[in-house]
Amino acid sequence: MRVLCSPDTEDIETYIRSSFEIGKKPLHLVPTMILYRRRMRFYFSFLRPLFNQAHINSKGFDVEEAIREYVDLFEVDQYIKHMVFSSSSSSTLSKAEATVILERIINQIPETNNLGWKSVIYDLISTFTDLSLTGLSLSTLRSFDTSKKWTQALDIYRLYLEELRQANLTDYGISANSKINDLDVSMYDELILDGAFLPLNSIHQRILNKFIELNKPITIFLPYDLSTPDQPAAKAIEDIYQIFLPKTQWESIQDTTRSNSFFIDRLPKLIFRDNTQEVKLDNSLSILRFPTLEEELSYIMRQIYVLVKYKEVSPRQVVIVTPNAMELRPLIREISEQNNLKVRLPRRPFMHLAQGKAIKYLYDIHTDIRRLTEFDSYLNITMFKSFISGALIKCNVGLSESFEKIESFFVDCISISNWKNVLTSLATTKAQLIQEKYPHHPINSVELQDLNDILSVLQALEDISFFLVTVSARTVKEHVELLVQLLQKDNRFIELKGPLLQRLTKITESLGAQERIPITAIEFGERISALFSEQEDFEDGDKANVEEEAPDDREILVTGPNNIEFQKYEYVYVCRFTQDVYPEPKKFDWLINKEIEHKIINNTTCFRPQSSKELENFYLNRSLYHIHLMFCAARTQLTISYSQIDNGVALTPAHYLHDIAKVFGLEEGNKLENKKEPDLEELLIKSRVLKNPSSIKPLSQNEIELQILPKTLDGREYSVEEVAIYRYCPRRFYYQNKYQKESVYSQLFHLQSYASSCLYEKSVELLILDQPKAIHEMIDQGKQHKLFLGKTKKYRLEAEKLIRPLFPLSNRLWSNVTSETDFFLSTLMNWVFDNAYIREYRKSGNNNITIQFYLSNHEKQIKINEYTFTATKELEVQYNHGEIHRYSISNRKDILSFSSNDQDEREHMKEIKEWYERFKRSFYNDAASAQKILAEITNKLSLGEFDKNTGGHCKYCTFNKLCHEREVDI
């Protein structure tokens, strides 16, 4: 056995090239797919003269198979898959098929037949696969822990193994374990372990043992610098590989003639070490700070755009390194598309595409666990919007947009029958509603034909879903064939074409081998996502791209720190360098905790940590090693960036920033002794090392200035409520008057408030009509005040009979409407029976007062040039047949326009509403003040000034979508 060391991947390839012997076939295993692709390209270039040159350019040429004539190169997990699937018998179940067997077992055990255990079925299958791969007996596994959870899981595992044995079936874990046990390594002349496997698991150990038993040569390449043996980041490597060979016998194959003139060349040697020589900082290291994660990633992607487009840097020479890269995929995809960059991220699974989601939802209608009963259906808004998006089900153009106007009525619908009931109610509302009286009702923007079209889609979904889940039990292959046949022949579906059809066809062909057990339609539907995704995962990882880079290829690698071992890039961008993700924590399985994992490692490998705490320390050292890899990967420039806020949570830079700064001689003072000492960030900013890049425009933006057309309105008559809207947001005012058909309340928050305002108005009308005579009140006793506070509920209940049919909301949502209405009514009664006039009247020694209610529709107008402004107060309250107070009871429906459910906007809303109340009072009582305000507004209207007042309220604005789409008048 030889352990050959160099931190530079080129040294490894140089050694392989010089020592490779044609005719001797090694097994070459690497720990990551990224390194596998690099070594594949290396072997392709190195061995190319040995290939049939005519075949290389042919369509059917398989690079991997050609290379494996001389060397079996594999990423280690792919090697196991290759052994299982290349010569597997038909008895090996897929993961999805295995979950069917497991779920049936769980359902038969009273203690586990519950949602808790069923929700972790896929986790259990993965755990059982890992346990099978250890090669340990069930009795040994039981000795590792006595907890109820572990005992129950192993009982299920025993029954699962027995069920497979009786059916003469195996799963992936059992088949892989058998293949490793039966592996004949005599066909190989050497084992090459290329990279640090941290730690070695039972698979690695058993393969290694087979070569040791046959006394076969073993070569281990480690990214280790023997010239700096005291590097703390290398401790994880030392802990594992000194078990096989003392470090004194490790050999260096490092090329020591490479330049170390730049800071990033010397950083890997000096970081994390004490008493190191200070190194002068240069432009090869850049440290950036951003307010938010979105700004951080946007800036990085734009910098990469400049490198690729203008500096002609190959995309393969740029890498973005970030922990939990999977979490950032959606955001990175969005930013990269804006900047015309391709990023090397796994393509979206078929089931994550609109068509895939819709197919899954067809089964979910009758398989979702949220169904009220076994025979009921389940359908929510998200599912329905997926169906009418035009991706899978045929429907009229524009139906999706129409549905968005009324979707709030379906918030609490959970079954197709619920949906149909609400549709029937909305059709009745459409027929009864007086549009002039309720102009903001969303049903006004929807045609009756739209409701009929929605009903047709619902009926189609119900029929299709029922058909799919009631077919007889059959194999996965037969279920898939039935589904594809339905999609292709049923004219209710949109025809699938092009790449989408190719993907579905490929998945179908791959799933054709899954015909080992019959499963019910429900069982198939419950795991259709796993079936499709599992096959695509295997297909995507099965091949490595070794073709030459296309001239327009702009594929940027985005990966985690653990995946860049033995890699070199010109430009390395380390993102999210914050304390919350560095060091990257080791996440233990919910079932295999660190104590159990410690015992498994001790029983299956040569690595023998003394305790679970020691194992935990090893994983911390491994994390430090992964961080060190990031600093080793850059040739030209290393950019480290972090953000200060993510999702509203304040962040701090990773403490490893102190280690980097220490290398160029910058250290934070002792703040415990002197709190006034500047912190590291302040020192870095003062030294002009830490920079805060200013925001820049997207590079893909068209720089040509567009001529903005003037915005004008034909109308010259406006209400005071519209004036308030103009003060709140002039652009909102413009859209409301320009596109009146769009001025409806479709969001649930607004819809409930609108219903409440309508109910309030009707309740007050009924109250006044029921009180034709004057009321006599003794102010001190307040009997009438108390009586009317109690009677408001009676009038509200009467008003509900007229208003609720117009708003077919669920009982839960309607209770919010009535609660808000009761509050409005009680507030009005307090204004009527306890106001400044009555209090002053009582101070004058009077106790008896008469109060008379009138409905008046009293209007007042003010004319400014050609503009007319109107205020309306429908309720008049007369005191002692003289003093009159007027109140608006219909204005709440209009001033919803500047309502928001955003806490940050509440104060602004309050200011606007208070201004509106003052303005309306002045409109009646101080015409001069009102005219001054109106003159200013009419001047702006004449000039076409309709600027946006952007803020959190935009999220709830009726014209949000329109405001994003139209920046000029049309």
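Is arginine 289 buried or exposed in this predicted model? Arginine 289 counts as buried, at 14% relative accessibility.

**Figure 1. Salt bridge between glutamate 681 and arginine 289.** The side chains of these two residues meet with an N to O distance of 3.0 Å. The pair joins distant parts of the chain, 392 residues apart: glutamate 681 belongs to helix α29 (residues 680–686), and arginine 289 belongs to strand β7 (residues 285–292). Glutamate 681 is buried, its relative accessible area being 19%. Arginine 289 is likewise buried, at 14%.

**Figure 2. Salt bridge between aspartate 368 and arginine 370.** The closest N and O atoms of this pair lie 2.9 Å apart. Aspartate 368 counts as buried, with 10% relative accessibility, whereas arginine 370 is partly exposed, with a relative accessible area of 46%.

**Figure 3. Salt bridge between glutamate 866 and arginine 716.** Here the closest N and O atoms are 3.7 Å apart. Glutamate 866 counts as partly exposed, at 46% relative accessibility. Arginine 716 is also partly exposed, with a relative accessible area of 30%.

**Figure 4. Network of salt bridges linking Glu13, Arg38, Arg39 and Asp194.** The view shows these four residues, which salt bridges connect into a network. The structure as a whole holds 41 salt bridges.

Definitions and conventions
Residues numbered from 1 in each chain as written. Predicted model: local features only at pLDDT ≥ 70, side-chain atom pairs only at ≥ 80, totals over all residues. Heavy atoms only, no water. Helix = DSSP H or I, 4+ residues; strand = E, 2+ residues; numbered from the N terminus. Buried < 20%, exposed > 50% of the residue type's maximum accessible area, 1.4 Å probe, protein only.
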